[in-house]
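Hello,

Here is the structure I promised to pass on to you. Please have a look at it first, and then read my notes below.

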Protein chains: 2
Amino acid sequence: MKIVKDVAEMQRTADEIRRSGKRLGLVPTMGYLHEGHMSLVDEARKNADVVAISIYVNPTQFAPNEDLSSYPRDFARDEKLAETRGVDIIFAPSDSVMYPHKQLAFVEIEEVSRVLEGEFRPTHFKGVASVVAKLFNIVKPHMAVFGQKDAQQAFIIRKMVSDLNFDVNIVLAPIVREEDGLALSSRNIYLSEDERKKATVLYRSLKLAQKAVGDNERNLARVRSEMLELIASQSTGKVDYIDFVDPDTFSKVEDVGSLERVLALLAVRFGRTRLIDNMILETRPK
Amino acid sequence: MKIVKDVAEMQRTADEIRRSGKRLGLVPTMGYLHEGHMSLVDEARKNADVVAISIYVNPTQFAPNEDLSSYPRDFARDEKLAETRGVDIIFAPSDSVMYPHKQLAFVEIEEVSRVLEGEFRPTHFKGVASVVAKLFNIVKPHMAVFGQKDAQQAFIIRKMVSDLNFDVNIVLAPIVREEDGLALSSRNIYLSEDERKKATVLYRSLKLAQKAVGDNERNLARVRSEMLELIASQSTGKVDYIDFVDPDTFSKVEDVGSLERVLALLAVRFGRTRLIDNMILETRPK
């Protein structure tokens, strides 16, 4: 496994791989790897001859009040995990490699960056889209894997790729959950033991939504109320939002209408830990 | 010479060229080619084995009140000129190829897009940077040539390339002028015979600035006044701006200070035709 920390070396390495006719896959991460990331690596392996992961906690996607400084980091552990899973290249740049000068160029995805997560984290997706654009230009992958866990991020990256003509095939990998349903996240380590137990209510509320919609409930405001009630009754979590969108356009919907699938997304805070989760609800369209 | 109109075909063509070990150069244009563009082609030829030009009048860089609909177009003529000059590939997409869906992803270069041209054309550089990002992702050049004529655009593209890590070497080519000094521009055909004669005052005002600074004038406000006076006395041109910037940072300067070179830029309107020009002034730093 090769570890690359420099932009020019990574670009040269990518050029060599591409010229040899091999397909290069990228899994962008912020490190502190878990089985969710590893499932992305497996997905990349299915589609690429050479699998690279990037490990970089990108400051521009954190707001000043957010957890940039406390975000968990453990490169030695990440390196071991990646090696074990057959990763070929780790691209692990420093801040001064990624942002050597004052950054003025940003990629913004209008409209969809402003809703849901974007309402609570107004500069977040600008930072995400811009760093992913940088990573695509540095690692030059044929394909990249993103987790469905960050559903809005995945949508935004696909929109960026399509609108800006990046020649990168985006593959989404399903959410990986603990046995009790909690979606894997590097941020789960912030949770106290009690919070950790109660955090399963996110998944249970999504399953409740799936059941309601499967039972032919059409009114999503009513589904939201049931979810809010469940979360309030079984935890101290504070709900930032529970929203339903058309997964193909990310526009909010309040009624199932003729959609075959509705994406339910939520963000809930436990103390200072903010968790997000989502589920594609299979409806029974008329 | 190959003419490509489709994104996927251009990307495939680029991949083949790159895999064969050849260097690919790009000259992005809006067509209606003149000797200025041809000098960019020559510059690309010096640096690349395969020279592509793109011909695309990009709507997103025109404001609603600007000359998108009247911008001169003549593909047959462009094709002949390009062929004669040894261009290998013309990438000439339609609007529906470049913008098949509602475009939401844009590249913005903060600060420097707001001054000079950006004050008079507030959305212009957002459109320019975004379409150049698209063209880089479609044509995948090793190097691209831009004209010093659009000095602020060239600065912005270089900042985009640096900040977003595009692996594209940007080469600038000097301004090509008519015998009487008027900088070549596709927009010159808008000028009436009388306006065309008087438009040489732009170049003469820049030469005046060069002479003043060469004669050790340090105060650029005074230089601006002299230029304004010359333009007012010898034409009916309306000055949008005359500005001086540090060519390395594009920040405005009002005094030569310790700079060895100052970039003087101006925009002047003749009737409905807006002309821009610029010159790097060699100073005599103390």
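Let's start with a sheet in chain A. Strand β2 (residues 24-29) of chain A is joined to β6(A) by two bridges, and these strands run parallel. Within that pairing, G25(A) sits opposite M143(A) of β6(A). On to the next pairing: β6(A) is also linked to strand β7 (residues 169-173) of chain A, through five bridges and again in parallel. M143(A) turns up here too, with N169(A) as its bridge partner in β7(A). As for burial, strand β6 (residues 143-147) of chain A is mostly covered, with four of its five residues buried.

Please keep in mind that this is a predicted model.

Now for how the two chains are related. Chain B can be superposed on chain A by a rotation of 180° with 0.0 Å of shift along the axis, at an RMSD of 0.0 Å. That is the relation of a two-fold axis. Both copies use the same surface, since 100% of the contact residues of chain B recur in chain A.

What does the contact itself look like? In it, 24 residues of chain B meet 24 residues of chain A. On the chain B side, α1 (7-19), β5 (105-109), α6 (124-139) and α7 (151-163) each supply at least two residues. The element that gives the most is β5(B), with five residues. Sorted by class, the side of chain B that touches chain A holds 12 nonpolar, four polar and eight charged residues.

The β5 strands also pair across the two chains: five bridges join strand β5 (residues 105-109) of chain A to β5(B), and the two run antiparallel. If you want a place to look, find V107(A), whose bridge partner in β5(B) is V107(B).

The largest nonpolar core has 161 residues, and M160(A) and M160(B) have the most contacts inside it. Leaving out residues up to four places away in sequence, M160(B) touches A105(A) from the other chain, along with V107(B), I109(B), A129(B) and A133(B).

Helix α6 (residues 124-139) of chain A is worth a look as well. This helix has 16 residues and reaches 22 Å from its first C-alpha to its last, close to the 22 Å expected at 1.5 Å a residue. It is mostly covered, with 15 of its 16 residues buried.

Finally, here are two loop residues of chain B. Is K5(B) buried or exposed? K5(B) is exposed, because 12 other C-beta atoms lie within 10 Å, and 12 or fewer counts as exposed. K5(B) belongs to the loop between β1 (2-4) and α1 of chain B. Apart from neighbours within four places in sequence, K5(B) is in contact with A92(B), P93(B), S94(B) and V97(B). K5(B) and I55(B) are 50 residues apart in sequence, with their C-alpha atoms 10.0 Å apart in space.

Y71(B) lies in the loop between β3 (50-55) and α3 (75-84) of chain B. With 17 other C-beta atoms within 10 Å, Y71(B) is partly exposed. Beyond residues up to four places away in sequence, Y71(B) touches M30(B) and V57(B). The C-alpha atom of Y71(B) is separated by 26 Å from that of V112(B), which is 41 residues away along the chain.

Enjoy exploring it!

Best wishes

How values were computed
Residues numbered from 1 in each chain as written. Chains lettered and ligands numbered in written order. Predicted model: local features only at pLDDT ≥ 70, side-chain atom pairs only at ≥ 80, totals over all residues. Contact = placed C-beta atoms within 7 Å. Nonpolar A, V, L, I, M, F, W, Y, C, P; charged D, E, K, R; others polar. Pairing = 2+ DSSP bridges. Expected span 1.5 Å × (residues − 1). Buried ≥ 20, exposed ≤ 12 C-beta atoms within 10 Å, placed from the backbone. Core = buried A, V, L, I, M, F, W, Y, C linked by C-beta atoms within 7 Å. Least-squares fit on C-alpha atoms with pLDDT ≥ 70 in both.
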